[in-house]
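Thanks for coming. I have one model to go through today, so please look at the sequence and the structure first.

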Amino acid sequence: MNRGAAITVASCGKTFADGTRALSPLDLDVRAGETLVLLGPSGCGKTTLLRLIAGLEAPDAGGHIRFDGADVTALPIEKRNVGMVFQSYALFPNMSVIDNVAYGLRVRGMAQAARRAQAAGVLEMMRIGALAQRRIDQLSGGQRQRVALARALAVEPRVILLDEPLTALDAALREHLRGEIDALLKRLAITAIYVTHDQAEALALGDRIVVMRNGAIAQVGTPRDVYFRPADDFVADFVGVTNRLTGTLKNGRFETAAGVVPLPQDLVPPAAPSGPGAVRLLFRPEAARLASPADTPLVFEVVQVEFQGARQKVTLKDPAGARILVEAPADGLLVPGAAVGLILDPARISLA
Amino acid sequence: MHSADRLARLFLLPLFLFVAAFFLLPMVRLVGVAGSGPNGLAEYLAILTNPRHLATLLATLALSAAVTAATLAIGTVVALFLARNRFVGRPLLVSLLTLPLAFPGVVVGFMVILLAGRQGLLSSLSMGLGMGRWVFAYSMAGLFAGYVYFSLPRVLVTLMAAVEKLDPALEEAARSLGASRAQVMRDVTLPGIAPALMASGAIAFATAMGAFGTAFTLATRIDVLAMTIYTEFTLNANFATAAALSIALGLITWMVLALTRNFAGSGVAAAG
Ligand SMILES: Nc1ncnc2c1ncn2[C@@H]1O[C@H](COP(=O)(O)OP(=O)(O)O)[C@@H](O)[C@H]1O
Ligand SMILES: [Mg+2]
């Protein structure tokens with residue numbers, strides 16, 4: 001298949017006719033061939049941004065969309081050569097599976113035999129060749145999802161846009177299809193923009209993740225960046241469980257009630273600290289390791305232990321009473337009230 | 001379980017009585033009357049063997065088909081426009097368009113006369129423009145205008161509901177695959193509202209076949225089946241012919257609708 005396009009979104013805002021400000025003017029670069037995930041809570045403007053890129057909506061005056069450097073802002077969707085997968089799948093109920101998949105080739109004027117052959121090839125690639133002659137209402141949810149993807153890919157688009165393609169499916173199927181989509185997008189090396197409100201989906205699929213909030217971009221980064229170095233509290237909380245310790249910065253170390261944490265050189269202190277002299281240190285439950293109090297300058301008291309087989313979830317509190325949650329291998333036996341040391345992975349902490 | 005069955009059967013009784021009283025008995029009576037004339041059972045074929053009746057039948061069929069086509073065409077355009085555009089005064093326009101729903105056919109006939117009669121709007125307009133006197137109220141064209149006016153609100157209500165129910169993502173998906181506006185219309189929109197087109201087209205057609213009020217007001221010089229039946233019945237007291245023509249009218253309308261439904265059904269399945 002052809003190489004994906006690089007996409008540039010330049011100061012694109014969107015105000016709807018009824019006055020709703022869905023997007024504040026924002027900039028975004030999507031690299032050729034990458035999978036970019038738009039992640040954020042419902043109503044934050046993910047779909048609107050996707051529709052601007054698709055050409056289904058026009059940005060407010062001043063906004064521009066470029067594909068491989070060429071300005072496509074004025075081009076309607078039918079001229080942009082983008083594949084789209086809708087949350088409702090939007091399969092044509094009056095056509096069979098193969099005619100759905102061949103539709104994009106049909107409107108391009110390809111002869112029936114040729115377009116059916118090409119569509120059959122795409123169905124084969126999605127491993128649903130046996131469904132070719134089915135009617136849409138004879139398909140399960142997972143099969144519809146595959147057909148929708150096949151239909152979007154059949155015209156070899158430069159970009160594929162997916163709006164919560166798995167949300168309508170049950171959890172087990174969702175995880176399975178997520179793996180399939182991930183493998184497919186990597187293999188095709190097509191530029192993909194994937195909208196979801198599910199952080200697990202975003203972390204698993206994205207080469208990069210754009211976390212959105214109230215029509216603006218909160219953070220752009222790799223899944224690891226976003227997860228371990230969230231830009232702010234909103235991102236930290238939206239992308240998973242977060243521990244917070246309050247303290248001060250002194251000589252490249254973070255000092256808190258429970259002790260001190262040495263900081264790596266590359267960790268940037270927050271631009272605007274949350275209080276005078278006070279800084280917060282953020283880390284995930286699995287970014288900490290339990291140790292003997294003698295081996296680390298950071299010591300907590302055990303509050304509660306939840307045994308989960310291979311792992312255990314341990315709730316700790318510091319002398320000031322602040323609680324944190326740590327996930328650890330279930331080897332050492334911990335009892336509430338005992339003192340326990342904590343070692344934080346320097347690569348997986350951030351300051352706010 | 002058994003008592004529930006018995007109860008259900010008990011409820012069927014009123015339905016049976018209703019069907020018998022208002023549908024079966026008059027129908028049987030009609031069949032009886034039609035066969036009791038001087039020509040006996042041959043009267044049933046009068047609509048096909050009597051050249052005058054046959055011509056009337058064909059004219060009525062042609063008129064009804066034209067009315068159906070025109071109503072569906074206008075209805076589709078208006079329904080699509082109204083469903084996709086929001087503007088000031090839209091609710092008022094929608095209710096104005098459905099106002100004639102309650103008008104009897106006779107009133108519709110009067111309105112056609114007011115529009116295209118000898119003293120009508122078009123007449124004075126064309127006279128004023130020096131283009132002669134336009135009068136078509138009392139011709140097939142007048143009847144055509146009246147029937148379209150009569151059926152349009154009914155068709156429009158059905159089509160608007162169907163268009164509103166269409167998933168907009170379907171059209172967006174077609175466009176994302178490169179379809180032009182015309183291709184989207186042909187491949188997605190029209191197939192999507194096909195059931196509503198069939199249903200409202202059937203109603204428009206059947207209404208035009210049997211409509212009487214408008215014809216009675218206008219049709220002093222044109223023969224349509226409903227007028228012929230009326231004339232045979234009241235003026236000529238020719239009950240057998242009137243009854244046979246009625247049955248033929250009913251059967252032919254029913255047959256045309258069944259054929260169309262069949263044809264459209266296989267057409268939809270073969271599309272794409
Ligand atoms: N056509 C529209 N007209 C008016 N407001 C809209 C329209 N589409 C979306 N919105 C509003 O814009 C905001 C962002 O919507 P959307 O992009 O769909 O969010 P998300 O996909 O992240 O859930 C929401 O407040 C939504 O109500
Ligand atoms: Mg959305």
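I will start with the conventions, then take the ligand site, chain A and chain B.

This is a predicted model, and local features need pLDDT of at least 70, side-chain atom pairs count only at pLDDT 80 or more, and totals for chains, interfaces and linings use all residues. Residues are numbered from 1 along each chain as its sequence is written, chains are lettered from A and ligands numbered from 1 in the order in which they are written, and side-chain values use heavy atoms, with hydrogens and water left out.

First, the ligand. Which residues surround ligand 1? The shell consists of A:Phe16, A:Asp18, A:Thr20, A:Ala22, A:Pro41, A:Ser42, A:Gly43, A:Cys44, A:Gly45, A:Lys46, A:Thr47 and A:Thr48; a residue is near a molecule if one of its heavy atoms lies within 4 Å of it. By class, that shell has four nonpolar, six polar and two charged residues. Here Ala, Val, Leu, Ile, Met, Phe, Trp, Tyr, Cys and Pro count as nonpolar, Asp, Glu, Lys and Arg as charged, and the others, Gly among them, as polar. Helix H1 of chain A, residues 46-54, gives the largest share of the shell, three residues. Helices (H or I, at least four residues) and strands (E, at least two) are DSSP runs, numbered from the N terminus.

Now the individual distances to oxygen atoms of ligand 1. For A:Cys44, a backbone N or O atom is 3.2 Å from a ligand oxygen. For A:Gly45, a polar backbone atom is 3.0 Å from one. For A:Thr47, a polar side-chain atom is 2.6 Å away from one. On its own, ligand 1 has 560 Å² of accessible area, and the protein covers 62% of that; areas come from the Shrake-Rupley method with a 1.4 Å probe, and for residues only the protein chains shown count as cover.

Next, chain A as a whole. The unreviewed UniProt entry annotates residues 7-239 of chain A as "domain: ABC transporter". UniProt positions are given in the numbering used here, feature names are shortened, and annotations may be inferred rather than shown by experiment. In the model, residues 7-239 of chain A are 36% helix and 24% strand, with the end C-alpha atoms 25 Å apart.

A few positions in chain A. A:Gly40 sits in the loop between strand E3 (35-39) and H1. Is A:Gly40 buried or exposed? A:Gly40 is buried, because its relative accessible area is 0%; buried means under 20%, exposed over 50%, and partly exposed in between (1.4 Å probe, protein chains only). Beyond its neighbours within four places in sequence, A:Gly40 is in contact with A:Lys46, A:Thr196, A:His197, A:Met212 and A:Phe238, where contact means heavy atoms within 4.5 Å.

A:Leu177 belongs to helix H5 (residues 171-188) of chain A and is buried, at 1% relative accessibility. With neighbours within four places set aside, A:Leu177 contacts A:Gly142, A:Gln145, A:Arg146, A:Leu166 and A:Leu169. A:Leu177 and A:Gln145 are 32 residues apart in sequence, and their C-alpha atoms are 8.8 Å apart.

Two residues have a positive phi without being glycine. A:Ser11, at about 35°, lies in strand E1 (residues 7-15) of chain A and counts as partly exposed because its relative accessibility is 33%. A:Asn214, at about 45°, is in the loop between strand E9 (208-213) and strand E10 (216-221), and is exposed at 65%.

Now chain B. Chain B has 13 helices and zero strands, and its C-alpha trace spans about 80 × 70 × 35 Å along the principal axes. Of its 272 residues, 39% count as buried. Chain B exposes about 15100 Å², with carbon and sulfur atoms supplying 74% of it.

The unreviewed UniProt entry lists residues 54-82, 94-115, 135-152, 193-219 and 239-259 of chain B under "transmembrane region". Residues 94-115 are 68% helix and 0% strand, with end C-alpha atoms 22 Å apart. Residues 239-259 are 100% helix and 0% strand, with end C-alpha atoms 30 Å apart.

Last, one residue that touches both chains. B:Arg175 is in helix H8 (residues 168-176) of chain B and counts as buried because its relative accessibility is 16%. Not counting residues up to four places away in sequence, B:Arg175 touches A:Leu56, A:Pro76, A:Ile77 and A:Glu78, along with B:Arg181 and B:Val184.

How values were computed: A polar contact is a pair of N or O atoms within 3.5 Å; within protein, one must be able to donate a hydrogen and the other to accept it, and residues adjacent in sequence count only if both atoms are side-chain atoms.
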